[in-house]
Amino acid sequence: MADISTSQITYGGEFGDYFKLLKPRVMSLVVFTAAIGLLVAPVSVNPVLAFASILFIALGAGASGALNMWWDADIDARMRRTEGRPIPAGKVAASEALQLGLWLSGVAVVMLAITANFVAAALLAFTIFFYAVVYSMWLKRSTPQNIVIGGAAGAFPPMIGWAVATGSVSIESVLMFLVIFLWTPPHFWALALFVRDDYANADVPMLTVTHGTDATRKQVFVYTLILAPVVLALGVSSIGSPLYTVVAAFVMARFAYGAWTISRRTTAEAEADNFKTEKAVFRQSLYFLFVLFAALLLGQVLNAYIPLEWPEVF
Amino acid sequence: MKDDAIKERQARNNVWVGVTLVAFVGLVFAVTVAKMMAGHNMEAFDHVYRPQLEQVE
């Protein structure tokens, strides 16, 4: 856990440093997926309440990010990718990150219960617990399955957004959860392939470190194959549409092709072109999720204007 | 670090904290108005029994 010396931090950081503790880039993905989950739900929500709810979901995600940075400050300091974070950079004390994380967690959960409902608030509380305790404190340093199971934390936001509108969990929100849950391993392992040394230096048992890069390359492809039916199943659920299904089939095929290309490459080939394919697939995986969820919403909007006969299996 | 620089940074941070708190108050006000306009019940039981909060069949 965090044992970064705080002796040099006497004056506190800038406001922006505290904001960075909330992992703004992760928050933007949380805002996006939670908003889609809320908007595609069959119950309409007052715009002010919807805005406030999304804000508190994002705040909860940010709080878990601060708790993660507090706990992982020691390994963050040993990885090039994370050494510039506020705690290892000496801008914010680890204890400040802990306090910020705990306070914001409480505020976010209580306020979500007030603006939305107890189901959404309970899901948010569980998400924070899962990311901070189950993933950061337990799985991350103990098993190469860390991001497979830990991916659940990032998969909850659309389910929480759906719960804000409906007050419940249903097959549609579970499918949205599964899409992000199964997308996380190939996304992170594509990253781990080109920052492998970082994880090895920090003694984080990433799959690339424990099982080698060849096994990781195969796993990236295997997980995209498991992901494909779930992505397509969402298309024939009550929130699916022809537009979503066409877009999903296209981006899924592209992602799977990228993963297949990764699985066919050797480490020597990757090093020779400075991990060009791995970096491209990692970027592509980010667009994949964005396009998929945008298509889900656009498909619904289009359905409202041009209703088409479409099978509804789930 | 010089005292002036520290005070300047603290003043800047205080302004940001102030802006955040005012925004939070504004948001809570907006949420309250939205809930009241939607007909939500703004009262709840406390230490005293309040018959007007009983559900009428």
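## Basis and confidence

Residues are numbered from 1 along each chain as its sequence is written, and chains are lettered from A in the order in which they are written. As the model is a prediction, local features need pLDDT of at least 70 and side-chain atom pairs count only at pLDDT 80 or more, while totals for chains, interfaces and linings use all residues.

The pLDDT is the predictor's confidence in each residue, from 0 to 100. Chain A has a mean pLDDT of 92, and 96% of its residues reach 70 or more. For chain B the mean is 84, with 89% of residues at 70 or more. Within chain A, the element with the lowest mean pLDDT is α9(A), at 83, and the one with the highest is α3(A), at 97. For the complex, the predictor gives an ipTM of 0.81 and a pTM of 0.90.

## Chain A overall

Chain A has 14 helices and zero strands. Helices (H or I, at least four residues) and strands (E, at least two) are DSSP runs, numbered from the N terminus.

The C-alpha trace of chain A spans about 65 × 50 × 30 Å along its principal axes. Its radius of gyration is 20 Å, which agrees with the value near 20 Å for a compact globule of 314 residues. That radius is taken over C-alpha atoms, and the globule rule is 2.2 Å times the number of residues to the power 0.38.

Of the 314 residues of chain A, 49% are buried. A residue is buried if 20 or more other C-beta atoms lie within 10 Å of its own, exposed if 12 or fewer, and partly exposed in between, with C-beta atoms placed from the backbone. Two residues are in contact if their C-beta atoms, placed in that way, lie within 7 Å. Among the contacts in chain A with a separation of 6 or more, 76% are between residues 24 or more positions apart.

## The α11–α12 pair

Helix α11 (residues 212-235) and helix α12 (residues 242-264) of chain A have axes that come within 8 Å and cross at roughly 175 degrees. α11(A) is therefore roughly antiparallel to α12(A). Axes are lines fitted to C-alpha atoms, for helices over the stretch in contact, and angles run from 0 to 180 degrees between N-to-C directions. Angles under 35 degrees count as roughly parallel, over 145 as roughly antiparallel, 65 to 115 as roughly perpendicular and the rest as oblique.

The α11(A) side of the contact includes F221(A), L225(A), V231(A) and L232(A), and the α12(A) side includes M252(A), F255(A), W260(A) and I262(A). By class, this contact has 15 nonpolar, four polar and two charged residues. Here Ala, Val, Leu, Ile, Met, Phe, Trp, Tyr, Cys and Pro count as nonpolar, Asp, Glu, Lys and Arg as charged, and the others, Gly among them, as polar.

N68(A) is in helix α3 (residues 47-71). It counts as buried because it has 23 C-beta neighbours inside 10 Å. Leaving out residues up to four places away in sequence, N68(A) touches Y131(A), A132(A) and S136(A). S28(A), in helix α2 (residues 24-39), counts as exposed, with 12 C-beta neighbours inside 10 Å. S28(A) and L232(A) are 204 residues apart in sequence, and their C-alpha atoms are 25 Å apart in space.

Most residues other than glycine have a negative phi. D203(A), not a glycine, has a positive phi of about 60 degrees. D203(A) lies in the loop between α9 (196-201) and α10 (207-210) and is exposed, with 11 other C-beta atoms within 10 Å. F275(A), not a glycine either, has a positive phi of about 55 degrees. F275(A) is in the loop between α13 (267-272) and α14 (276-305) and is buried, with 22 other C-beta atoms within 10 Å.

Chain B has one helix and zero strands. Of its 57 residues, 2% are buried. G18(B) lies in helix α1 (residues 3-37) and counts as exposed, with 10 C-beta neighbours inside 10 Å. The C-alpha atoms of G18(B) and A34(B), 16 residues apart along the chain, are separated by 24 Å.

The contact between the chains takes eleven residues from chain B and eight residues from chain A. On the chain B side, these are eight nonpolar, one polar and two charged residues.
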